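Keep the model open as you read.

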Amino acid sequence: MSSPSGIAAPHSLRHPEKARRLDNPIPRKPDWLRVKAPGSPEYQATRRLMRELSLNTVCEEAGCPNIGECWKQKHATVMILGRVCTRACTFCNVATGRPDLLDPHEPGRVAEAAAALGLSHIVVTSVDRDDLDDGGAGHFARTIRAIRAAAPGTTIEVLTPDFLHKAGALETVVAARPDVFNHNLETVPRLYAEVRPGARYFHSLRLLDQVKRLDAAMFTKSGIMVGLGEDKTEVLQVMDDLRAAEVDFLTIGQYLQPTIKHHAIARFVTPEEFNTYRSFALGKGFLLASASPLTRSSYHAGEDFARLRAARAAKLAAAS
Ligand code: SF4
């Protein structure tokens with residue numbers, strides 16, 4: 001799933017599996033992570049539309065700190081397949097438990113939102129649905145097709161689960177031809193057992209590699225959070241692994257702890273260190289790299305997609 005957690009949410013019932021975990025006090029945020037409270041008229045309008053169409057967003061469910069800025073620009077990341085996740089990642093604020101029934105009308109409503117907001121680019125993500133035979137891949141594909149029909153000028157980015165043990169799921173999503181296929185590694189391999197206990201680092205990496213094998217022209221993207229306890233060498237190794245899988249775009253942002261029951265923040269990475277990570281990523285051959293304390297996988301995704309296309313065109317022109 002996505003990883004934009006940022007606002008402490010006092011809903012321990014959202015995470016029954018975390019109730020017995022030891023408390024991890026939440027440290028005070030440094031100034032560079034402070035954001036304005038949301039509330040602009042444009043933010044309210046985006047919020048109203050999401051409510052009217054009964055759509056869930058990861059912006060709200062994960063308590064993203066960027067919601068005021070993004071929604072002011074009508075940029076919301078829609079979360080399909082319900083509000084309840086079948087995994088229990090220790091960084092994530094999305095509710096866990098028994099998943100919702102699949103809503104067959106949801107793809108149409110997402111398309112309606114894209115058209116009503118006049119979006120040039122939309123990001124669609126989901127909860128993990130290990131309970132479904134296809135992991136929700138068919139629902140993703142239907143959503144992509146519905147957006148194409150209702151808003152043909154909107155480019156589409158999907159941020160998918162890992163579809164672990166779901167044969168054919170990845171192929172289903174790729175065949176629906178999103179413009180960008182994003183799947184987050186979230187953290188370095190050493191921390192997987194603690195941070196993403198239901199996931200496998202090399203499976204996620206292979207998933208991204210497989211997208212390029214199925215459709216070499218499709219842009220691929222992945223992201224990690226820092227401040228979870230990783231060290232710099234491990235981050236650089238993740239970059240090398242992603243480049244070996246020919247991933248085009250890397251995002252790196254600060255992990256923020258949603259509640260005292262979530263994974264403890266190991267430290268706040270400074271803006272200067274983020275700049276260094278960005279330089280390393282570009283040096284390693286990513287077409288685009290976004291690294292800053294508030295970077296999230298969907299943050300500025302529309303502008304970044306335009307940059308991604310331009311970077312590929314420039315690279316092809318230089319090679320010819
Ligand atoms: S960064 Fe992504 S998840 Fe956060 S508010 Fe913006 S669109 Fe939503």
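L308 is buried, with a relative accessible area of 1%; buried here means under 20% relative accessible area, exposed over 50% and partly exposed in between, using a 1.4 Å probe and protein chains only. Since this is a predicted model, local features need pLDDT of at least 70 and side-chain atom pairs count only at pLDDT 80 or more, while totals for chains, interfaces and linings use all residues. Residues are numbered from 1 along each chain as its sequence is written, and side-chain values use heavy atoms, with hydrogens and water left out.

You will find L308 in helix α11, which covers residues 301–319; helices (H or I, at least four residues) and strands (E, at least two) are DSSP runs numbered from the N terminus. What is L308 in contact with, leaving aside its neighbours within four places in sequence? The partners are F219, D248, F249, L287 and L288, where contact means heavy atoms within 4.5 Å. For a sense of scale, the C-alpha atoms of L308 and L164 are separated by 28 Å, and these residues are 144 apart along the chain.

Now step back to the whole protein chain. Its secondary structure comes to 11 helices and eight strands, and 58% of its 320 residues count as buried. Among contacts between residues at least 6 apart in sequence, 77% join residues at least 24 apart. The C-alpha atoms fill a box of roughly 50 × 45 × 40 Å along the principal axes. A compact globule of 320 residues would have a radius of gyration near 20 Å, and the 18 Å of the protein chain agrees with that; the radius is taken over C-alpha atoms, and the globule rule is 2.2 Å times the number of residues to the power 0.38.

Next, look for the ligand. Where does the ligand sit? It sits in the largest cavity, a cavity being a set of points on a 1 Å grid over the protein atoms alone where a 1.4 Å probe fits but cannot get out; sitting there requires more than half of the molecule's atoms to lie within 2 Å of the grid points. Of the 12 residues around the ligand, C59, C64, C70, T77 and S298 come nearest, with near meaning a heavy atom within 4 Å. Both α2 (58–61) and α3 (67–72) supply at least two residues of this shell.

Finally, S298 is found in the loop between β8 (288–291) and α11. S298 is buried, with a relative accessible area of 11%. Beyond its neighbours within four places in sequence, S298 is in contact with H75, T77 and V123.

Notes: 1 Å grid on protein atoms, 1.4 Å probe; cavity = no way out; pocket = protein on both sides within 12 Å on 5 of 7 lines; lining within 4 Å.
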